[in-house]
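I opened the model today to go through its sheet, strand by strand. My notes follow in the order in which I looked things up.

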Amino acid sequence: MPNQLIKESSPYLLQHANNPVNWYAWNDETLELAKKENKLILVSIGYSACHWCHVMEHESFEDETVASIMNEHFINIKVDREQRPDIDMVYMGAVQLMTGQGGWPLNCFALPDGRPVYGGTYFPKKQWVNVLGNLADLFANNPQKVYEYAVNLTEGLEHLEIPKETESAHFNMQTLYSSVHKWRQSIDTEYGGPNKAPKFPLPNNYLFLLNYNYFENDVIIKKHLDLTLTKMAWGGIYDHLGGGFARYSTDIIWKVPHFEKMLYDNAQLCEIYSRAISLNKNPLYETALKSTCEFILREMTSPEGGFYSALDADSEGEEGKFYVWTEKELSQVINDKQGLELFKTAYGSEPNFEEKFFILRRSMAPDKFALSQKSPLEKIEASLGASRKKLLLIRSNRVRPFLDTKILTGWNGQMIAGLAMASKALGEPSYLKAAEKAADFVLANLQQTDGRLLRSFGAIPGEKAQARILAYLDDYAYLCHGLITLYETNGDKKRLAQAIKLNENMIKHHGKQGTGPFFQTSEDHEKLFARSIDQYDGAQPSANSVALSNLVKLSRYNQEPRLMKIAEDSFKGLVMRLKMQPSSSTALATALAEFLDEGQKK
């Protein structure tokens, strides 16, 4: 029999609806049940495209014996981190404070009132059973110890979450120069990106570098930017057949990806390659950008114009199966010997994944490759293009990875910006048209009559799709960014007016006495054990970083100095993070550069 998740709209939650674990969704009724039965809560957080989430599900959550232990001793709650980023943020903070690391699946045990007591990420089955048993015994025999730990942990989280203005809150251009100097120590000068694995694209970093170069013509930074964008577009993280980028590389050379494709990654990469093309008409950049846009429009766009959230890493129970090739498959599809040898020379002559599969990747620019083959570039590219076309046709008939059809307001805002910028960079009006259509869809379907936004659009099984869940700060910030980018692209003042209205709603409902830094949730949102301020620039820019950039731009476009003052006050609460942790504050640095530049103009 299905569990309670069968009533949910999240594709991730529905993936777990037939587990023997008696999963509940996060809601008031579930939390009251935990209090009534005086049971610890398990908050298990993930997302539909997460490979290790699937692994833990198959090993533990589909196992009857493990499920019986969970059902007897815990109230088990599944959370889609993409639909409920507030829950993910506070429990991720707790697990990071406890263990020093985080990730997904995120499994955090909490008191019946929701305060965290223990957690981690992926647990192998044997370890998971031990954790369940130990926690159940501890809560049954020494509950006071569990409560004391929860009190101390919650106090520690509250101290970490709320940034405070300090004596070092002043900032100027030197703040940016110092942050770049610190950051330089962690860059990879051979393959681009950070000098560690796993290696994420982190478009925030490169958008900042482009802005930084506006102020300071730094040859080392410029070289690093070009190296990174080139190596990513050559690497296995880029889909050379269908376009688009995977979430990250498991190694330092961008070879073996973690195969899921996320809307937000591809949206931001469209922005960075568009910006890079405006400075350097590199054909490689143009190819990567065009194919990524085409992938989004072909595979990630709803008939109504909204953008879907993600494509899974797995298909048929195996990670990457949809994307990789065996030697036999390549030879069957590219059935002329000369064409096959040329293709393997260009994209990898030996298996490079699990010792039997090929992940397509290039090692040199097309013009240099043609020289190495002593053949005209046009002839070489025609042969490679024909082979890619054959492979893509065969791949299109494989069992496809799971498509998460949630339409999220914030992520759509990022994709609207990416397509608008790509339209300008490539001179392709269809991309701008798609961005406009998505903006109209979001504003028509995920905005209430009072102007406030909702987070997620999707359908409960058997019902019509609709919007639900009050929006978060990132929804306002990212959508506002998308609307501002549309205005900058085509000069449509309607988009500027829409952005101004959203920005005012954000200040009203997410600010502190009319200023920032801004809370992730509104004052009237569901109260959790902590109220977070999103300030970490990682795979996505923090909502505060984007909000501050929007404030600076809207102040200029609407001649509204009040917005600059709000931005200035907000920077005072966040700038210490930039000084102490520059590599995780690059979107904040971009916003600060825009703020300082605007001040210099005045």
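Entry 1, the hairpin. I started at the hairpin of β4 and β5, which has five residues between the strands. Within this hairpin, G114 takes a positive phi near 100°. I note here that the model is predicted.

I looked up how β4 and β5 are joined and found four bridges, with the strands running antiparallel. For N107 I looked up the bridge partner in β5, and this is G120. I then checked burial in β5: four of its five residues are buried, so I put the strand down as mostly covered.

How many of the five residues of β4 are buried? I counted five of five, and the strand is mostly covered. I also noted which way the residues point. L106, C108 and A110 go one way from β4, while N107 and F109 go the other way. Residues on both sides are buried.

I followed the pairing of β4 (residues 106–110) to β2 (residues 40–46), where I found five bridges in the antiparallel sense. Two positions I wrote down by name. I45 has L106 in β4 as its bridge partner, and V43 stands opposite C108 in β4.

Entry 5, the whole sheet. In what order do the five strands of the open sheet lie? I read the order as β1-β3-β2-β4-β5, and the pairing is mixed. β1 (23–25) and β5 (116–120) stand at the edges with a single partner strand each, so one side of each has no neighbour in the sheet.

Terms used:
Residues are numbered from 1 along each chain as its sequence is written. This is a predicted model: local features need pLDDT of at least 70, side-chain atom pairs count only at pLDDT 80 or more; totals for chains, interfaces and linings use all residues. Side-chain values use heavy atoms; hydrogens and water are left out. Two strands pair if DSSP finds at least two bridges between them. Helices (H or I, at least four residues) and strands (E, at least two) are DSSP runs, numbered from the N terminus. Buried means under 20% relative accessible area, exposed over 50%, partly exposed in between (1.4 Å probe, protein chains only).
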